[in-house]
Amino acid sequence: MMPTLQAIRAKVETGERLSFDDGLFLYEPTTPLHELGELANRVRERINGNVGYYNINTHLNPTNVCVYRCTFCAFRSDLRDPKGYTMSDEQILERGREAVDNGCTELHIVGGLHHQKPYDWYVHIVRILHDAYPDLHLKAWTGVEINWFEYQTKKTVREILQDLLDAGLGSMPGGGAEIFHPEVRDQICEHKADPTKWLNIHRTAHELGLKTNCTMLYGHVENAYHRIDHLIRLRELQDETGGFQTFIPLAFHPENTGLSHIKKPSAIMDLRTMAISRLLLDNIPHMKAYWIMLGIGTAQTALSYGADDLDGTVRHELIYHDAGATTPEMLSVEDIRRLIEEAGREPVERDTVYRRVERDPTDPSRWSIGDALPIGA
Ligand code: V47
């Protein structure tokens, strides 16, 4: 039967799962965005109530030197390019110190796959940071890095993740998923971890008790079919493991990339993708409107189109800013709370695994974990 908005609305009301064809129908420009948004908002409020989450975090990209040449990436560098950098232990620890002094609960660590840096360097980064700052949650290395470590060491994914857990890994970010469908993946990141590998790495992480995130990079050479295929592959793994906590739709930024002729996606496309993701990914608790890439206005609006989380205050973001993001390099806690309140939501600071963070009112850089969050956690 051909999907209709009426039939989809009935499914959403009764909690019935949406199909591949429903997803394609919702991507049609003739499907009114405000009606789609209203449906996604209903699901968002069912799962997360009126809460708008944020966290206080810092990014660390230890190197931009990368063996891969993904056409969408403006951040990477060749080994001998003057743009290339690799941080020393001192610089890495300094970034951890800065994070702690600024009251961050999380360090988000990803980078290039350096031609000359062995696996042990990547494990060492996690270990020295964890030893120095044991309360700082280390969300580190994507499925793509883990796949590179497999190639470098010939160890199994389980052994690699166990080494990283022993070193102090807290969870894994959702990057590197891009678009799974080979018609697209072969064009934008031919040699990178294929979908089976990426999904299997997350499956193994979940089996070991690690929470992970997942992403989708949209607005480049893919079409609605590829996007829905991507979402459904994530939904299927989540049915098996339940280990994904947040989905982050990532809007493509073309500047300084091999795809600079493509226009970046519109706010309509951003909101449509957020809403469809909320509706299709009925088993993933959180949807993140990553303000760095959506822009502040669209991210704030997305809080009524399915999203329940704005990500963090974010210091030292490079991947999007190298690709032309015009958002500020960071937001203050007051800014982020005001954005959430203005959207009619209740701002709640969370840690990486969605526990409520309590701040010492006399010294906000000091914090503790409060009660488990009532909904969606
Ligand atoms: O995998 C790279 C994307 C990702 C561009 O887990 C680009 O909490 C747009 O995954 N335009 C890395 N996107 C970032 C990421 C992430 C971000 C925030 C939170 C979390 C989380 C994860 O960035 C890459 C790729 O998909 N990316 N270049 C670009 N030019």
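By class, the residues that form the shell around the ligand divide into 11 nonpolar, eight polar and three charged. The model is a predicted one.

Which residues come nearest to the ligand? Out of the 22 residues around the ligand, these are Phe72, Lys139, Gly176, Glu178 and Lys288. Two strands, β5 (212-218) and β6 (244-251), each contribute at least two residues to the shell.

| Residue | Atom on the protein side | Distance to a ligand oxygen atom |
|---|---|---|
| Gly175 | backbone N or O | 3.2 Å |
| Gly176 | polar backbone atom | 2.7 Å |
| Lys288 | polar side-chain atom | 2.7 Å |

On its own the ligand has 630 Å² of accessible area, and the protein covers 95% of this. Where does the ligand sit? Its place is the largest cavity.

As to the fold, the protein has 14 helices and 11 strands. Along the principal axes, its C-alpha atoms fill a box of roughly 60 × 50 × 40 Å. The radius of gyration is 20 Å, which agrees with a compact globule, because a globule of 377 residues would have a value near 21 Å.

Conventions
Residues are numbered from 1 along each chain as its sequence is written. This is a predicted model: local features need pLDDT of at least 70, side-chain atom pairs count only at pLDDT 80 or more; totals for chains, interfaces and linings use all residues. Side-chain values use heavy atoms; hydrogens and water are left out. A residue is near a molecule or strand if one of its heavy atoms lies within 4 Å of it. A polar contact is a pair of N or O atoms within 3.5 Å; within protein, one must be able to donate a hydrogen and the other to accept it, and residues adjacent in sequence count only if both atoms are side-chain atoms. Accessible areas come from the Shrake-Rupley method with a 1.4 Å probe; for residues, only the protein chains shown count as cover. On a 1 Å grid over the protein atoms alone, a cavity is a set of points where a 1.4 Å probe fits but cannot get out, and a pocket is an open set with protein on both sides within 12 Å along at least five of seven lines; lining residues have an atom within 4 Å of a point. A molecule sits in a cavity or pocket if more than half of its atoms lie within 2 Å of its grid points. Helices (H or I, at least four residues) and strands (E, at least two) are DSSP runs, numbered from the N terminus. Ala, Val, Leu, Ile, Met, Phe, Trp, Tyr, Cys and Pro count as nonpolar, Asp, Glu, Lys and Arg as charged, and the others, Gly among them, as polar. The radius of gyration is taken over C-alpha atoms; the globule rule is 2.2 Å times the number of residues to the power 0.38.
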